[in-house]
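Reader: Could you walk me through one part of this model up close, and then follow it out into whatever it touches? I'd like the cut-offs spelled out as you go, please.

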Amino acid sequence: MSIFKCTATAALLLTAAAARAEGPGLGQPLEAADIPFYATYVTPEGTGLPAGSGTAAQGAEIYAAKCATCHGATGSEGPVMPPVGPNDIWAKPAGSYWPYATTLFDYIRRAMPLEAPKSLSDDEVYALAAYILERNGVIDEQTAMTAETLPAVKMPNHGNFLDVWTKQGAKPW
Amino acid sequence: MTRSTKDSAALEYAAGGGLLSRRMLLASAAAGGAAGLLQPSMARAEAEIPEWTKAAGARARGYGAPAAAESAVQRAIIEPWQDVAPAFSLSGTPHHKLRGTITPSGLHYEVHHGGRPDIDPARHRLMIHGLVERPLQFDLDVLERYPMVTATHFLECAGNSLFNAVMPEPMQAGCDMLHGLVSNTEWAGIPMRVLMEEAGVKPEGKWVVAAGADGPSLARSIPMEKIMSDGMLALYQNGERIRPEQGYPMRLLLPGFEGNMNIKWLTSLWVTEAPVHTKDESGEYTEILADGSSLQFTFAMGVKSFITHPSSTMTMSGPGFYEISGLAWTGSGKVAKVEVSADGGTSWAEGALAGPVLPQALTRFSLPWHWDGSPLVLMSRAWDETGAVQPPRADWKARYHASNFLHYNAIQPWQVTAEGAVQNVYL
């Protein structure tokens, strides 16, 4: 086979592969207005945080009513993964172990409480994030959590993580 | 497991504790066949004829079910907080009651952080958005028209074998409780690359945040590299539509990656520049090391194996011939070999692998064994094609903080007592 024929065959194969990879192209346009909040995630920089505000004192009341049954009277008793540490049950309490405070807002907003996720207002979610952070000694009682203050919170365990994917990709640790 | 009267003096041993040469598999089968030949004889009028042989059977039915006598073959349910958070529930595959490598769909393990949603497939959609040229959405009817691929892969929860990882004394339970959070399925669906290319990923799009349509909208950040190399939008499980427990009507499949990332009830793929540090990658699926620092983004599952026959909670039926059988797998390609020990790790013999050995799939191994009735410890040790091998439990424990129960892949020893009880032990 000549070099020309080889090249032509390779080109044909490439074209065929590309056509297959493209698929039938049946996806429908998705408008921004049709994307619910839980299809995105608040980033560590705070992108995606809504307007609103809440303090630890406000959060304490909501916590007692909607969270204490699972996470304990003050957040450290459990039984379910208590978010206030240190405690005897869970070595990775959300309010001190997680690297970014923004995750508290996003997770509570999308997933909590377990029996009624997405039922809390943005103000309530900010207040609960404030309560958990205050109980962990990460923020003081006076500081309201907002789209500006929450991403600025420096988490105590930040910087104590090794990113295995960046270090060695899919090779197991 | 049956006794054999075969003369043990004629056996060809491969290692201590009665492990036999793999050649003995065929030899003993041939011997058994010969011994089992019936002498020609007259049919006996008084021999029992069971009633089902004297009646018409049941009519055809639209969807089959296991035999009634097999109703005890169930997943083991684990509900750590059943009083306050029953929706956070798990179930483990009863590997000690199964053979082969494919897990029946109804026995595939489950881990639900917020319960199993009841999704109307007509209203479910998959969105692809973020750093793409064309934000798109797909319904099930449209996806059905895409070219599909088929592949067999295991899924394993990062917390599989958690009791062995953290309990000070070995828990006496079956493989369903001890190692049941791994299962193996033939999946069919659409290569994720096809859908992502249709949306047109922008050059800065390096990660995909996948989210489910369940109550908690479970979300994970996934490297674009993995999505594009072998990610699949899985629609079918063992030939039928995916079971609700596994993500009906669609799930993300990332071969070899920890189960939690294989988002069930998948509804959104949001292309980003960087991971967003979701709850599950911030705390639930990070591992604290012995020095107090943590690992994050530990995606691939390590090489692992355990013996299913015999295994913990079983009772031996006396000395004699047995086939040791078990399962091995790795998140890094194929299982290369599985060694078996019947003397607590002093000597090892290589088991036979049932082919074809598939990448990121459960592989069954076996080895003939003559148990002389004395107490001993059985173990299996898998190696994968990257050269990785299972560690002893003490080595695994030494790497991590005492609380860590994720990515446990240590060697599983089973103690066989003189009485024939098979028990979970640490070595």
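Author: Chain A has 7 helices and 2 strands (helices are DSSP runs of H or I with at least four residues, strands are runs of E with at least two, and both are numbered from the N terminus). This is a predicted model, where local features need pLDDT of at least 70 and side-chain atom pairs count only at pLDDT 80 or more, while totals for chains, interfaces and linings use all residues. For the labels, residues are numbered from 1 along each chain as its sequence is written, and chains are lettered from A and ligands numbered from 1 in the order in which they are written.

Of its 173 residues, 39% are buried (that is, 20 or more other C-beta atoms lie within 10 Å of the residue's own; 12 or fewer makes it exposed, anything in between partly exposed, with C-beta atoms placed from the backbone). Among contacts in chain A with a separation of 6 or more, 59% link residues 24 or more positions apart (a contact needs C-beta atoms, placed from the backbone, within 7 Å).

Let's zoom in on one helix pair. Helix 2 (residues 56–66) and helix 6 (residues 122–135) of chain A have axes that come within 7 Å and cross at roughly 100 degrees (axes are lines fitted to C-alpha atoms, for helices over the stretch in contact, and angles run from 0 to 180 degrees between N-to-C directions). Helix 2 of chain A brings A:Ala56, A:Gln58, A:Gly59, A:Ala60, A:Ile62 and A:Tyr63 to the contact, and helix 6 of chain A answers with A:Glu124, A:Ala127, A:Leu128, A:Ala130, A:Tyr131 and A:Glu134. Sorted by class, that contact holds 8 nonpolar, 2 polar and 2 charged residues (Ala, Val, Leu, Ile, Met, Phe, Trp, Tyr, Cys and Pro count as nonpolar, Asp, Glu, Lys and Arg as charged, and the others, Gly among them, as polar).

The contact takes 45 residues from chain A and 54 residues from chain B. On the chain A side, the elements giving two or more residues are helix 1 (3–22), strand 1, helix 3 (68–71), helix 4 (94–97), helix 5 (102–111), strand 2 (161–163) and helix 7 (164–168). Helix 5 of chain A supplies the largest share of that side, 4 residues. By class, the side of chain A that touches chain B comes out as 30 nonpolar, 9 polar and 6 charged residues.

Put together, you get an open sheet of 6 strands in the order 1(A)-7(B)-6(B)-15(B)-10(B)-11(B), with mixed pairing. Its edge strands are strand 1 (28–29) of chain A and strand 11 (219–223) of chain B, each pairing on one side only.

Keep going into chain B. It is divided into domain 1 (110–286) and domain 2 (304–424) (bounds from an automatic or database domain assignment). Their centres, taken over C-alpha atoms, are 29 Å apart. The contact between them takes 23 residues from domain 1 of chain B and 20 from domain 2 of chain B. On the domain 1 side, strand 8 (149–156), helix 3 (162–166) and helix 4 (175–179) of chain B each give two or more residues, and helix 3 of chain B gives the most, with 4. That side has 13 nonpolar, 10 polar and no charged residues.

Strand 8 of chain B also holds B:Thr150, which is exposed, with 11 other C-beta atoms within 10 Å. Leaving out residues up to four places away in sequence, B:Thr150 touches B:Glu186 and B:Ala188.

Definitions and conventions:
Two residues are in contact if their C-beta atoms, placed from the backbone, lie within 7 Å. Two strands pair if DSSP finds at least two bridges between them.
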